[in-house]
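Biologist: I am new to this model and would like to know what stands behind the words used for it. Could we go through it feature by feature?

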Amino acid sequence: MTEVNFHPNLVRFAERTRGMTASEIRALFAVASRPEIVSLAGGMPSIDSLDHASVAEISRHIITDHGGVALQYGGGQGHEPLRDRLVEVMAAEGIPAHADEIVVTTGGQQALDLVAKLFLDPGDIVLAEGPSYVGALGAFASYEADVRQVPMDAEGMRPDLLAEELQALARAGRRPKFLYTVPNHQNPAGVSMSHRRRQDLADLCAREDILILEDNPYGLLDFKAEVRTSLRALVPERVLYIGTLSKILSPGIRVGWIVAPGAVREKLILLKEAADLCQSNLTQMVAERWIATEDWEGQVASFREAYRERCEAMLEELERELPASCRWSVPTGGFFVWVELPKAIDARELLAKALSERVAYVPGAAFYAAEGGENHLRLSFCYPTPERIREGVRRLAKVLRAEIELVDALYGGSQ
Ligand code: PMP
């Protein structure tokens, strides 16, 4: 049967969906999933590094012995025994929380959506790092937020520029609804906020009365297992904290969570119920048993080791192959390297050429709500093998060298 189309008179979209269009990047990604292409684009965890047999065994046990609960609807706040385990997961990073404060969500992504739905009216201001996680920008945009991004350096968001932005907002009689940050191994910049910056940010937000939305999917994936102080640990009374099992267990399990105080939590539970009634009991129970019975910290250590090896391969190859006019972040954990190209090169325009050389990346502009990041790109080292990563970087370097030569020939300098 051929696809049926609706008559245009039937399709009267809500006003807020007006800016929502699939980017040209999505079309290019259809090409990027071809096997001959080395994709340094997606952020897919290395699921091969997970012990699948243990998850299979736990799943079988849950369905066989607890199917009556696992296959039924559950509560809107999430499975209580799992919430107890999530407290243990957070404790591994020194993040204080109680099971009653947690709302379980469909990954960290739904947590971002629910927080945005709860706080944002059209035109409301959200402060964020520049660049920022594209999925958070999408969630904020779908509630028509005005996202102001504050540039980062190697220590995280620049406090001087944040203070400037706040002064400009105050002069205009505006206050941000919240400040969104990924303090550990940020997506896409691959940067972790320094301890001093965390303290300064916490102090500034306390002085200015700003709510902080702390999103922490990568905190446990530090290559040296270093633990950094969370903003929630510094100023629990002004932080909404988002966690996820996607990067330490599996994204297919779809378990994330929000830690929120009473009044906020009650509304979040109502929104969660309105979105999907409840989280899957089945995957929550599998996650709970996995944390309770497996050496989950050992599993995290083997993920960490896999990513460290891949990151090393990427950095070595970047060093060897990329033209001297390019710069990149040197991550200490997480999934991503952020590459800066000479100013005259637009990473979005270059993508088609990269794909024809069989390598994919995400152009930097995707991580900005307005303009920015045009001469940047994000490389992820989480999914391909080290050999494929090296091959991908070599292909990318070839494209970049040719482009830089072309720009130099045309304009007499690519800077
Ligand atoms: N926040 C950040 C910074 C991320 O990188 C991701 C995943 N790429 C998420 C949230 C959401 O992940 P999930 O929904 O799988 O928990």
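**The sheets and the terms behind them**

Modeller: In this predicted model, eight strands make an open sheet with mixed pairing, in the order 2-9-8-7-6-3-4-5.

Biologist: Why do strand 2 and strand 5 stand at the edges?

Modeller: Strand 2 and strand 5 (156–157) each have a single partner strand, so one side of each is left without a neighbour in the sheet.

Biologist: What makes strand 3 and strand 4 a pair?

Modeller: Two strands pair if there are at least two bridges between them. Strand 3 (residues 125–130) and strand 4 (residues 146–153) are joined by six bridges and run parallel. Alanine 128 stands opposite glutamine 149 of strand 4.

Biologist: Which helices pack on this sheet, and which strands do they touch?

Modeller: Helix 3 (residues 80–91) touches strand 2, strand 8 (239–244) and strand 9 (256–259), and its direction makes about 100° with that of strand 2. Helix 9 (residues 262–276) also packs on the sheet, touching strand 2, strand 8 and strand 9. The direction of helix 9 makes about 20° with that of strand 2.

Biologist: What is the order of the four strands in the antiparallel sheet?

Modeller: The order in that open sheet is 10-11-14-13. Strand 10 (327–328) and strand 13 (362–363) are its edge strands, each pairing on one side only.

Biologist: How do you know that strand 11 and strand 14 pair?

Modeller: The cut-off is at least two bridges. Five bridges join strand 11 (residues 336–340) to strand 14 (residues 376–380), and these strands run antiparallel. Glutamate 340 has histidine 376 in strand 14 as its bridge partner.

Biologist: Why is threonine 105 called buried?

Modeller: Buried means under 20% relative accessible area. Threonine 105 has 0% relative accessibility, so threonine 105 counts as buried. Its place is in strand 2 (residues 102–105).

Biologist: What is threonine 105 in contact with, leaving aside neighbours within four places in sequence?

Modeller: Its contacts include Gln110, Leu114, Arg254, Trp257 and Lys272. A polar atom of the threonine 105 side chain also lies 2.8 Å from the backbone oxygen of glycine 107.

**Salt bridges**

Biologist: How many salt bridges does the structure hold?

Modeller: The structure holds 26 salt bridges.

Biologist: What makes glutamate 57 and arginine 60 one of them?

Modeller: The nitrogen has to be within 4 Å of the carboxyl oxygen. Between the side chains of glutamate 57 and arginine 60, the N to O distance is 3.2 Å. The two are three residues apart in helix 2 (residues 52–70), and therefore separated by about one helical turn.

Biologist: Why does the pair of arginine 401 and glutamate 321 tie together parts that are 80 residues apart in sequence?

Modeller: Arginine 401 forms a salt bridge with glutamate 321, with the closest N and O atoms 3.5 Å apart. Arginine 401 lies in helix 13 (residues 386–411) and glutamate 321 in helix 11 (residues 296–321), so the pair ties together parts 80 residues apart in sequence. Arginine 401 is partly exposed at 36%, whereas glutamate 321 is buried at 18%.

Biologist: Which parts does the salt bridge of lysine 353 and glutamate 403 tie together?

Modeller: The side chains of lysine 353 and glutamate 403 meet at 2.8 Å, N to O. Lysine 353 lies in helix 12 (residues 347–356) and glutamate 403 in helix 13, so the tied parts are 50 residues apart in sequence. Lysine 353 counts as partly exposed at 38%, and glutamate 403 is buried at 14%.

**The ligand**

Biologist: How many residues surround the ligand, and which are the closest?

Modeller: There are 13 residues around the ligand, the closest being Gly108, Asp215, Tyr218, Thr244 and Ser246.

Key: Residues are numbered from 1 along each chain as its sequence is written. This is a predicted model: local features need pLDDT of at least 70, side-chain atom pairs count only at pLDDT 80 or more; totals for chains, interfaces and linings use all residues. Side-chain values use heavy atoms; hydrogens and water are left out. Buried means under 20% relative accessible area, exposed over 50%, partly exposed in between (1.4 Å probe, protein chains only). A polar contact is a pair of N or O atoms within 3.5 Å; within protein, one must be able to donate a hydrogen and the other to accept it, and residues adjacent in sequence count only if both atoms are side-chain atoms. Contact means heavy atoms within 4.5 Å. Axes are lines fitted to C-alpha atoms, for helices over the stretch in contact, and angles run from 0 to 180 degrees between N-to-C directions. A residue is near a molecule or strand if one of its heavy atoms lies within 4 Å of it.
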